Structure formats: C-alpha cells, structure tokens
Amino acid sequence: MNKQQLAAKIWESANQMRSKIEANEYKDYILGFIFYKYLSEQEIKFAKREDFTENDLISLSDDDAEYFKSNIGFFIAHKDLFSTWISMGNDFDVSNVRDALSAFNRSIFPKHKKLFEKIFNTLETGLSKLGDSSGAQTKAISQLIHLIKDIPMDGQQDYDVLGFIYEYLIGMFAANAGKKAGEFYTPHEVSVLMSEIVANHLKDRTEIKIYDPTSGSGSLLINIGRSVARHFANDNSIMYYAQELKENTYNLTRMNLVMRGILADNIFTRNADTLEDDWPFFEENDPVNTYNPLYVDAVVSNPPYSQKWDSANKETDPRYARFGLAPKTKADYAFLLHDLYHVKPDGIMTIVLPHGVLFRGGEEGAIRKNLIECNHIDTIIGLPGNIFFGTGIPTIIMVLKQKRTNTDVLIVDASKGFKKVGKNNQLRASDIKRIADTVVGRYPVPNFSKVVSREEIRLNDYNLNIPRYVDSSEKAESWDLYASMFGGIPEKEIDGLAVYWNALPGLREALFLNNGSPYAGLKVTDVKAAIREHKSVQTFSGKFKTAFAGFDGTLRNDLLKNMLSVTLSKEETILSNEIFNRLKSFSLIDKYGAFQLLDDEWIKIAGDLEIIQTEGFETTRKVDPNLVLKKTVGNTSQEVQDGWTGRVLPFELVQKTYLNTEYQNLKTMENRLAEISAGFDDIMDSLTEEEKESELTNEAGDSFVASAITKEAKQIQASLKKNEEFAEETLEAKILKLAELISEEKDLKARLRTETAKLHKLTKETIEALTDDQVLNLLELKWITPLLVSLHKLPETVIGELAAKVQTLATKYATTYKDVMEQIHETETTLASLIDELTGNEHDLKGLAEFQLLLKGNRND
C-alpha cells in the first residue's frame with residue numbers, strides 16, 4: 001500500500017470512528033497519537049544506535065534516562081512507549097495513556113522545554129470526550145492507536161510517509177471543519193505557490209531563517225522550508241520560527257515541525273498573540289543581555305481575515321510607526337506590517353489577505369499609499385474565489401520586500417485558473433507553475449499579468465484593485481451588422497485567429513475566399529479535414545514529432561535506468577524544463593498544459609519510485625493483501641482481505657501485457673453479460689404494462705423477477721405442440737427469450753467468477769516470478785507510455801480547437817436576417833391560410849380574423 005492509499009484508508013476509518021465528535025476536535029486526538037508514536041519510535045531508534053537491547057530499555061536507570069534526554073530532548077519509559085500499548089492487548093487501559101502523557105512533561109531536557117512542554121495538553125484534556133466511561137474511552141483509544149500503528153516513521157529517500165499522512169489528515173479534517181478550518185490550515189496548493197516564490201528569492205543563500213507569525217498547523221512554514229531546501233546541500237541550515245495564538249493549533253505546529261526531522265535546535269516556537277505580543281528573541285534566563293529582535297530572510301503567513309484588534313497605544317510600536325495603524329475593525333494591515341517589520345533588508349514576505357485590502361480607503365488607504373511610496377509592494381496575485389475551506393471570499397497573495405531596485409508592481413489575475421474539487425476550487429499544478437514563473441520572471445501576459453508603474457498607481461489614487469490593471473474577463477461576443485443582414489464572414493473576426501495564421505502559413509488562404517471586400521466566404525465544406533490535410537498543419541505535426549524524438553530515451557534513462565538514485569524532489573523540474581525546451585518553437589501549444597500532463601503522471605511515478613527507493617527493486621515483485629472495510633453486526637466496520645494487489649505493478653497491466661489471452665476471455669464474457677442485460681431490457685420495454693402485470697408476477701406479487709419469468713416459460717414450453725413455434729412478436733416468444741437470457745446469464749456469471757479467480761491467482765504468481773526485463777517493460781508501460789501518448793496528442797488538440805473556431809465563424813453568419821424574415825413570413829402565410837379552415841362561434845371567428853390580419857401584416861385599429 002503506497003502512502004496515498006494508506007492515508008486514505010486511515011482517513012476513512014478515522015472519519016467513521018469519530019462518530020459525533022467534531023472533525024475540528026477529533027483531528028487533535030489522532031494527530032496527537034501519531035506524534036506520540038513518532039516520539040516513541042525515535043527513542044527506540046536512538047536506543048538501537050546506542051546498542052541498547054529491549055531488556056536494557058525496560059530496566060533503564062535514572063542516569064540512562066538523562067542520557068536519552070540530553071540526546072533526543074525527551075525520555076519515554078518503556079511501559080509508556082506506543083509499542084508497549086499495542087502489545088498490551090486487552091490489558092490496555094485509558095489510564096496508561098493518562099499516566100504516559102503526564103510523565104512526558106516531567107521528562108523533557110531543559111534545553112528543549114519550550115519545544116516539548118505541554119505539547120500533549122490538547123490530547124490529554126480531550127481524552128474524556130472519546131467516551132462517556134473509562135471503558136468507552138479505552139475502546140476508542142485502542143481502535144485509534146491500532147489504526148495508526150502501521151504508519152512507517154523512517155522518512156528514508158524522501159519517502160516521507162509520516163509527513164504525507166499528517167498533511168493529508170489535516171487537509172481532510174479541514175475540508176470537514178467548515179469555518180474553523182481557517183484556524184489551522186492553508187490549502188496545500190496555496191502553500192506550494194508561496195513556497196516557489198520565496199524559494200526562488202532565497203536560493204543562493206547558505207543559511208536562512210523563515211517565520212510564520214500565524215502558523216496554524218505549521219504546514220505553510222514546512223512547505224516553504226521544503227521548497228527552499230531543494231536549493232541547499234544541507235537542510236539543517238534552515239531555522240524555523242513559528243508563533244500561534246490558539247494552544248491546540250500551536251501544539252499542531254510543534255508536532256508537525258518535529259516530525260519532519262527538523263533539528264530541535266532549529267525550531268523556535270511561541271504560543272502568543274502576534275499583534276499584542278511581538279517576538280523579541282531572548283533567552284528566558286537572561287532577557288537583558290540576550291535580547292535580539294527577530295529579523296528573518298522570509299516571513300510567510302495566512303492570518304485571520306479582517307478580524308478586530310486593539311490598536312490602542314500602538315502609535316509608537318516600531319512595527320506600525322512608519323506606515324500607520326490599521327482600523328480597529330480590520331487587522332489585515334496590522335498583520336502585514338508586523339510581517340514586513342521582521343523581514344531583513346534583503347528578505348521577502350508573502351501574505352494571504354482578503355481582496356479588500358487592495359482598494360479599501362481610510363486608514364488602510366493611507367497605509368497602502370505609504371507602502372507604495374516606500375517601494376515595498378512587489379507583487380499582487382489574485383486567487384480564485386472559494387479556494388479556502390470555510391470561506392468563499394476573494395483572496396490575494398501579496399509579496400513585499402524591504403529593499404527593491406525597481407519601483408513598479410507586478411499584478412497577476414490568476415482567478416480564472418483552477419479545477420473544481422467538491423465544493424471548493426483548487427489550483428492545479430499548471431496554475432501554480434504559470435503564476436510562479438510569471439512572478440519570478442515579472443512577465444506581462446495579456447489578460448493575466450501586467451507590470452504597473454508607480455506613476456500609473458498614483459494616477460489611480462493608489463487603488464490596487466486588480467481589474468483596474470488586468471482584464472481577465474472573456475471578451476463579449478459581437479455581431480457584425482452587415483454580415484448578419486447579407487452573410488459572409490467578417491475579415492476582422494478571421495483576424496482574431498491571427499495566432500493560428502501566423503503559425504500555419506497559407507492555411508487562412510486555403511480556408512477562406514477573399515473577394516476583395518471586408519467579408520470572406522468559406523472555401524471548404526469539411527473544415528476539420530481541410531485543416532488536417534493542409535501542408536502547414538502536417539508540417540506542424542511533423543515538427544512536433546521531431547522535437548520530441550528521443551524524449552522517450554530521456555525518460556527511460558532517468559526513471560528506469562537510474563530509478564534507485566534519481567532525486568525525486570528535483571526530477572519533475574528537470575523533466576518540465578526538458579519539455580519546455582522542446583516546445584520553444586511551438587507558439588500554439590500551451591507549455592503549461594503540457595506541464596499539467598507531466599504532473600498528472602508524475603504523481604503516480606513519484607509514488608512508485610518512493611517505494612522502490614525505500615524497499616529496493618525487489619519490491620516490484622511483491623503483492624499485498626487487498627484489505628477492504630466491510631460492515632459487520634452492529635453496523636461496525638471490520639478490515640477483511642479481498643484478494644491481492646500489486647505493491648507497484650497493477651494486476652490489470654500485468655494481465656494485458658503477459659496474460660492477454662486470459663484477460664480478453666474475461667472481457668468477452670463481461671461484454672456478453674452487458675449484451676444480455678441490454679437484450680433483457682429491450683424485451684421488457686416492448687411489453688405492455690398489462691402483459692407485465694398479468695404474466696410476469698410471482699406469487700408474492702413481485703414483478704419482473706427471474707423466478708416468475710422462468711416459471712411462466714416452463715408452462716409455455718409444456719403447452720407447446722411438437723414442432724410448434726410462436727411468432728417473434730408474441731408474448732409467449734418474448735417470455736421464452738427472456739428465460740433463455742436469464743439461464744445464459746446465470747451460467748455465464750458462474751463461469752466468470754471461476755475464471756476471474758483463476759486469473760487473479762495466476763496474476764499474483766506471474767508478478768512474483770517476473771524477470772528484471774519484464775519488470776522494466778511493465779514500469780515503462782505504466783510510467784512512460786501514458787505520458788508520451790498524452791504529449792503527442794497536443795498537436796491534434798490544437799487542430800481540433802482551430803477547426804471548432806472556424807466552424808463557429810462559418811455557422812455564425814450562415815443564416816442572414818433576410819433568411820430569418822423570409823422563413824417567418826412563410827410560416828405566417830401558412831398559418832394564416834390554415835385559419836380559414838377553422839370554425840367556431842361568432843366571437844371566436846372575430847378573434848381568429850384579427851389574428852389572421854396580424855399575420856398578414858394588417859391590423860384593424
């Protein structure tokens with residue numbers, strides 16, 4: 001089971017187990033236990049490295065415990081280890097958890113007290129909510145710890161299963177927590193976008209500090225660190241600073257940071273109100289001599305939107321003194337100015353804010369003006385609406401710097417690029433890359449981005465509302481008056497497809513007849529065929545094939561030959577750069593669309609490579625029990641095995657490749673079953689309701705059941721004389737046919753079950769006996785072939801889009817206004833003549849006569 005499957009399985013079970021407990025609360029319990037498991041296993045790993053045996057752990061002295069604390073920051077007694085709880089079986093009790101969590105606070109190394117102290121408070125105080133009695137609580141906790149016991153905690157070779165599952169669960173709980181989700185979660189895609197922008201700014205540094213003053217679960221901070229780390233040889237050169245107001249969320253931050261393998265000495269956290277209690281960094285035992293204001297390389301934040309705050313007596317606060325105080329009813333700019341204050345002169349900050357900060361007046365307008373005149377605002381990115389859980393308000397990402405050489409502002413309207421996922425909108429990988437590339441390169445892109453001078457912003461009275469500068473709305477359809485009246489296709493509308501005509505020389509002339517007027521005619525009848533067969537289009541397709549010649553070899557080398565050593569965190573970028581380089585001369589093909597095709601496949605490829613790099617090549621020949629949840633007595637769920645599944649290689653792929661005869665045999669049977677079902681339905685539809693009710697109802701009164709049909713068929717057969725046959729459309733013939741289909745279906749289903757089981761068993765045996773070459777062939781079919789097929793469809797997609805646009809132009813003016821009026825007149829004349837044939841009383845006839853005059857264009861006033 002890969003990490004995606006394991007995460008989904010844990011979520012499904014946890015969501016059922018939480019019963020009536022709010023998702024926002026239950027997350028603290030399951031994530032707390034995952035963290036406790038992590039700490040327990042870290043201690044065991046350290047003990048093994050230090051040559052401690054299981055018995056040594058059981059009988060550790062106080063001095064040994066101190067040795068553990070000084071090295072890993074904490075100590076957990078053997079009786080309190082997560083693995084001990086699991087081994088206790090029915091002897092496990094909720095009191096074991098209470099005692100262990102209480103003991104943990106007393107077993108923290110002084111140097112790491114701030115990092116670990118009270119980290120389990122939320123879990124400890126919430127245990128009582130897991131049941132009305134000690135027994136109920138014990139049962140709920142036992143189910144929960146057994147659910148998470150199989151999560152691997154090693155993190156080898158980027159196989160960060162723990163981190164992935166933790167993030168997955170946080171995201172799923174956020175999706176189910178409504179408005180409360182905003183307290184602890186920034187959508188992963190938004191985090192990634194901010195991370196790419198920050199990482200590019202910091203990529204040439206050897207040591208950095210990053211800070212999130214409203215850290216929530218810590219996910220945003222961790223994503224920033226991960227993106228920056230791709231440019232570093234040593235991950236331990238990144239220092240993490242996090243501040244969070246709510247205690248339960250603050251605990252999530254600390255847990256999340258620790259579980260990512262970040263050194264304890266590199267983690268600095270505070271549980272405090274960011275606006276009320278700023279972060280002067282000092283040692284608690286010597287605050288005067290160690291005082292050092294916190295200045296960092298990057299600040300990232302997603303603060304609560306437009307919340308009230310206490311601005312009293314803050315005029316002299318160094319965070320706000322230069323720019324002004326945010327209004328008491330909206331703290332958005334208070335958070336922004338706090339962030340900016342903590343940025344080093346050569347640093348960067350990104351912050352998520354509501355769209356209103358761009359144009360609201362009053363104190364906010366004054367602050368915005370000061371920020372622009374002091375040259376701090378670098379970029380504004382408008383995000384799609386409904387992208388955050390719990391709120392549908394439009395949001396932006398604002399990028400600011402302390403020092404800039406340029407004075408303009410890049411404004412990006414990215415509100416139109418997303419996919420729908422449930423009730424929310426979500427940035428796609430291609431959307432993120434398009435935005436990040438635009439920001440890094442500061443590119444002006446029509447209808448997407450614009451580099452706006454400070455003078456233009458001044459002329460707009462410092463209003464930064466995105467539509468003032470970037471119009472991303474779709475162009476309204478216009479109609480040419482002459483063409484509507486007399487026909488023809490306006491040349492100016494054909495000019496609107498200039499991007500195609502420039503890339504495909506001669507095609508316009510081949511499609512349209514130029515008669516010297518501003519209006520053209522269509523030369524061809526089959527537009528799509530004419531386009532596809534044109535020389536320039538065939539040249540375009542040929543050049544594309546040439547451009548991607550050898551790309552399959554690149555993929556085989558990187559993904560197959562070097563599968564055990566390829567750097568997963570960098571490989572997608574390497575491949576995307578390769579694709580972009582090959583597409584340089586193809587203006588008609590959206591390179592970000594091609595990137596999306598790569599990313600869609602890369603998610604699957606990377607998941608497989610993580611497993612292979614962690615477990616070795618031999619894991620490709622492994623099959624695992626296919627475990628599913630099934631309802632049991634009492635409406636509870638139990639995990640049971642339902643066959644087998646390939647750890648890396650899908651059964652169906654193996655069957656299609658090496659067991660195709662058996663596979664096609666099953667498909668033939670499945671197709672025949674579908675035909676039987678369709679034939680059955682056709683016959684049933686041909687029967688009258690009376691025939692169904694009188695002839696096809698069993699003794700219990702159930703209609704259309706197989707037993708009733710079979711019984712009726714036997715009676716008909718018994719009454720048949722020798723060599724007698726019923727006509728095809730008779731009821732008797734139909735009932736006999738139905739019975740025949742039912743019999744065939746029953747036999748076929750039995751055969752299908754038998755053959756399916758045989759093939760399933762054979763597939764398992766085949767996977768386990770595959771040669772290395774066969775494995776490589778299957779991996780190529782799974783990883784490389786789908787990507788190549790998708791990429792090579794890109795030219796055909798462009799051709800199809802052009803054909804549709806040309807056909808739309810031709811159809812638009814094919815029927816003129818004159819044609820429409822003639823059709824109306826003809827219809828009116830026909831209707832008027834039909835009125836002469838109608839009869840009625842005196843008043844009816846007078847009404848019809850008046851209506852007839854109207855149809856003929858006359859009226860009696």
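Does lysine 734 count as buried or exposed, and at what relative accessibility?

## Lysine 734

In this predicted model, lysine 734 has a relative accessibility of 13% and therefore counts as buried, the cut-off for that class being under 20% relative accessible area. The residue belongs to helix H31, which covers residues 731–768.

Leaving aside residues up to four places away in sequence, lysine 734 touches Ile683, Ser686, Leu687, Glu728 and Glu729.

## Overall architecture

The chain comprises 861 residues, of which 47% are buried. Its secondary structure consists of 35 helices and 18 strands.

Helix H2 runs through residues 23–49 and has 27 residues. From its first C-alpha to its last it reaches 39 Å, close to the 39 Å expected at 1.5 Å a residue. The helix is mostly covered, with 20 of its 27 residues buried. Aspartate 51, which follows H2, has a positive phi near 65°.

H2 packs with helix H4 (residues 62–72) at an angle of about 110°, and the two axes are 11 Å apart. Angles of 65 to 115 degrees count as roughly perpendicular, and H2 and H4 are therefore roughly perpendicular to each other. On the H2 side the contact is made by Glu43, Phe46 and Ala47, and on the H4 side by Tyr67, Phe68, Asn71 and Ile72. Sorted by class, this contact of H2 with H4 has five nonpolar residues, one polar and one charged.

## Packing of H23 on H33

Helix H23 (residues 535–547) and helix H33 (residues 794–812) pack at an angle of about 155°, with 9 Å between their axes. An angle over 145 degrees counts as roughly antiparallel, and this description therefore applies to H23 and H33. The crossing of H23 past H33 is right-handed.

H23 contributes Val537, Phe540, Ser541 and Phe544 to the contact, while H33 contributes Leu794, Pro795, Val798 and Ile799. The residues of this contact of H23 with H33 divide into seven nonpolar, one polar and no charged. As a general point, an α-helix has 3.6 residues a turn, so residues three or four places apart point the same way.

## Two asparagines with positive phi

Asparagine 313 is not a glycine, yet its phi is positive, at about 60°. The residue lies in the loop between strand S6 (296–301) and helix H14 (332–341). Its relative accessibility is 71%, and asparagine 313 therefore counts as exposed.

Asparagine 375 likewise has a positive phi in a residue other than glycine, with a value near 65°. The loop that holds asparagine 375 is the one between helix H15 (362–373) and strand S8 (377–382). With a relative accessible area of 10%, asparagine 375 is buried.

Definitions and conventions
Residues are numbered from 1 along each chain as its sequence is written. This is a predicted model: local features need pLDDT of at least 70, side-chain atom pairs count only at pLDDT 80 or more; totals for chains, interfaces and linings use all residues. Side-chain values use heavy atoms; hydrogens and water are left out. Axes are lines fitted to C-alpha atoms, for helices over the stretch in contact, and angles run from 0 to 180 degrees between N-to-C directions. Helices (H or I, at least four residues) and strands (E, at least two) are DSSP runs, numbered from the N terminus. Angles under 35 degrees count as roughly parallel, over 145 as roughly antiparallel, 65 to 115 as roughly perpendicular and the rest as oblique. A crossing is left-handed if the near helix is turned anticlockwise from the far one by less than a right angle, and right-handed if clockwise. Contact means heavy atoms within 4.5 Å. Ala, Val, Leu, Ile, Met, Phe, Trp, Tyr, Cys and Pro count as nonpolar, Asp, Glu, Lys and Arg as charged, and the others, Gly among them, as polar. The expected span of a helix is 1.5 Å times one less than its number of residues. Buried means under 20% relative accessible area, exposed over 50%, partly exposed in between (1.4 Å probe, protein chains only).
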